[in-house]
Amino acid sequence: GFSFQRSKFNRATQALRQIGSTFKPILYTAAIDRGLTPATMLVDEPHAFEVGTGQALYEPRNYDGKFDGPLTLRTALERSRNVPAVLVMEMLGPAQVAPYATRFGLPGELPPYLSSALGAGESTLLALTSAYSAFPNHGVRMEPAQVLSVSDREGVTLEEHTPVARDAIRADTAYVMTSLLRGVVQRGTAASAAALKWPLAGKTGTVNDYTDAWFVGFDPEITL
C-alpha cells in the first residue's frame with residue numbers, strides 16, 4: 001500500500017486478485033505438453049460453450065469485441081484472444097490443467113470451469129511472479145525469499161537464505177513457452193514494453209471493468 005501508517009496490508013504478498021489473461025501461459029504450457037505446438041491452428045470466432053444442465057451457455061468475448069478467425073496458437077497468445085484459450089481448456093479438460101496451477105505455485109485450487117482459462121482464479125502478485133520464473137529458468141521455479149541474509153555489526157553472517165528450487169515443467173516446454181512469451185512483447189499485447197530495447201518476455205492480463213491490469217514478465221536475469 002501507499003501508506004504503512006494507514007494500512008499494514010501488503011498487497012504484493014497478501015492480496016488475492018483475479019489474474020486474468022496472465023493465466024494463459026500456464027494453460028498453453030499444459031497444451032504444449034500434450035502435443036500442441038506454436039503452429040497449431042485455433043479458431044477465434046463466436047462460440048457458445050455448454051457448461052452444465054440447466055445453465056446458460058458460456059459465450060466468451062475478446063477485450064476489443066472483435067474476432068480474428070483462424071490463427072496459430074502463437075498468434076492467439078500474442079494477441080491474448082479469449083475464445084481460442086477456452087477452446088484449448090475444453091479440449092484438455094479443466095482437470096488436466098489444474099495440476100499445472102499447483103506446479104507453478106499458485107495458491108488455492110483452480111476452479112474446474114472453462115472460465116478458468118481466462119484467469120477466473122486468484123493469486124497474489126508474489127506467487128504469480130514466482131510462477132513466471134519457471135519459464136526462463138528451464139522449467140525450475142524458485143521460491144521467493146524476502147530476506148537473503150542477516151549479519152551483525154561486524155559483518156558476520158548470522159543467517160543465510162538457501163534458495164529453494166522446484167521442478168515445475170519440462171525444460172523443452174519452458175523453452176517453447178519463453179519463445180511464445182517473447183512474441184507477446186515483440187508483436188502482441190505487451191508491444192509497448194519493446195520500447196525499452198531490452199530482451200523481455202511476458203504476458204498482459206486484464207480483469208472485468210479493468211479493476212486490475214497486469215504485466216508479468218522476465219528478462220534473462222530477473223522476473224518482474
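Reply: Contact here means heavy atoms within 4.5 Å. This is a predicted model, so local features need pLDDT of at least 70 and side-chain atom pairs 80 or more, while totals for chains, interfaces and linings use all residues. Residues are numbered from 1 along each chain as its sequence is written, and side-chain values use heavy atoms, without hydrogens or water.

Take leucine 27: leaving out residues up to four places away in sequence, it touches Ala85, Val88, Met89, Leu92, Val97 and Ala117. Leu27, along with Phe23 and Tyr28, touches the most other members of the largest nonpolar core, which has 52 residues. (A core joins buried Ala, Val, Leu, Ile, Met, Phe, Trp, Tyr and Cys through side-chain atoms within 4.5 Å; buried is under 20% relative accessible area, exposed over 50%, partly exposed in between, with a 1.4 Å probe and protein chains only.) Elements supplying at least two residues each include α1 (24-33), α6 (171-187) and β10 (213-218). The largest share, seven residues, comes from α3. Helices (H or I, at least four residues) and strands (E, at least two) are DSSP runs, numbered from the N terminus.

Now the outside. Val147, Val150, Val156 and Leu158 make a nonpolar surface patch with about 330 Å² of accessible area together. (Patch residues have over 30% relative accessible area and no salt bridge; like charges join within 9 Å, nonpolar side chains (Val, Leu, Ile, Met, Phe, Trp, Tyr) within 5 Å. Areas are Shrake-Rupley, 1.4 Å probe, with only the protein chains shown as cover; a salt bridge puts a Lys or Arg side-chain nitrogen within 4 Å of an Asp or Glu carboxyl oxygen.) Valine 150 sits in β6, and counts as partly exposed because its relative accessibility is 32%.
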